[in-house]
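Work through the exercises below with the sequence and the model open side by side.

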Amino acid sequence: MFIRKIFGVILLLTILTLPQSVSATKTDWFDRNYNFHGIRTVIVFDMTVSPGMDYGGSIVMRNLQDTYIQNARKLKCNVITEMQACRTLSSQLGMNLESMNPAQARQIVMENAYRIADAWVVANIDNIANNYYVEPARTVWESRTERRHYYDRHGNRREETYTIQVPVTYPPRRVDISTLEMTLQMYEARRGDMIFARKDSRDREDYQAQIGMYGRITNSFFEDAGNKIR
């Protein structure tokens, strides 16, 4: 009986340490007539969040922005941040963009992006959600290896292993679901036409796992965009 209890604990721990279930859906569009190889410099605007999204506050936002810019370096071309673009264009246009309303300054940078770049990128977190469901108790049949000893016809003690099916009951458990949805877009600088866009939606059976998913989403986008540029 003691051995069976130990076996049950080990089995439960094994199940709990299995990789969490993940679902990911990426929908892409790109301009097949655009020459991505001509891109040499890209302005990467600060990542934004849809109103009402609880992303964790200013410190989390700074970390998200740092991850975003780090992954943007995978474009393998000259990357200019929004702040750098504001400073450069302020000098060229004779105005202080950094003192303006951020939305107004961003619009001016977009309209004049062709002066310093070939394209620009914007990204928005469309949805952050934490949900859960309760998985009911269940009993399943599982294989278990047993050993037994016997004596052959010569009186020698032998050991053999065999497999049996045993019922294993798992108690109800809470399953947390982390959801993150983002839209990332690249625009040609001179006319402002969109040339590449992605809608990336991901779910993970884990508690508040959005930061990891965010890193994978932005990394994937910039790697794929970089492959088009190279």
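Predicted model: local features only at pLDDT ≥ 70, side-chain atom pairs only at ≥ 80, totals over all residues.

**Exercise 1. Describe the order of the secondary structure elements and the overall dimensions of the protein.**

Step 1. Counting the elements gives 5 helices and 9 strands, and reading from the N terminus on, they follow the order α-β-β-β-α-β-α-α-β-β-β-β-β-α.

Step 2. Along the principal axes, the box filled by the C-alpha atoms is roughly 100 × 35 × 25 Å.

Step 3. The radius of gyration of the protein is 27 Å, whereas a compact globule of 230 residues would have one near 17 Å.

**Exercise 2. Locate the largest pocket and characterise its lining.**

Step 1. The largest pocket holds about 460 Å³ of space, and its lining consists of 16 residues, with Asp-46, Gln-65, Thr-81, Glu-82 and Met-83 lying nearest its centre.

Step 2. Two or more lining residues come from each of the elements α2 (58-72), α3 (82-93) and α4 (102-111), and α2 gives the most, with 5 residues.

Step 3. Sorted by class, the lining of the largest pocket comprises 7 nonpolar, 3 polar and 6 charged residues.

**Exercise 3. For Lys-76 and Gln-208, state the phi angle, the position in the chain and the exposure of each residue.**

Step 1. As background, most residues other than glycine have a negative phi.

Step 2. Lys-76, although not a glycine, has a positive phi of about 60°; Lys-76 belongs to the loop between α2 and β4 (78-81), and with a relative accessible area of 63% Lys-76 is exposed.

Step 3. Gln-208, also a residue other than glycine, has a positive phi near 45°; Gln-208 sits in the loop between β9 (194-204) and α5 (210-229), and its relative accessible area of 48% makes Gln-208 partly exposed.

Terms used. Residues numbered from 1 in each chain as written. Heavy atoms only, no water. 1 Å grid on protein atoms, 1.4 Å probe; cavity = no way out; pocket = protein on both sides within 12 Å on 5 of 7 lines; lining within 4 Å. Points joined across faces, edges and corners; volume = space filled by probe spheres on them. Helix = DSSP H or I, 4+ residues; strand = E, 2+ residues; numbered from the N terminus. Nonpolar A, V, L, I, M, F, W, Y, C, P; charged D, E, K, R; others polar. Rg over C-alpha atoms; globule rule 2.2 N^0.38 Å. Buried < 20%, exposed > 50% of the residue type's maximum accessible area, 1.4 Å probe, protein only.
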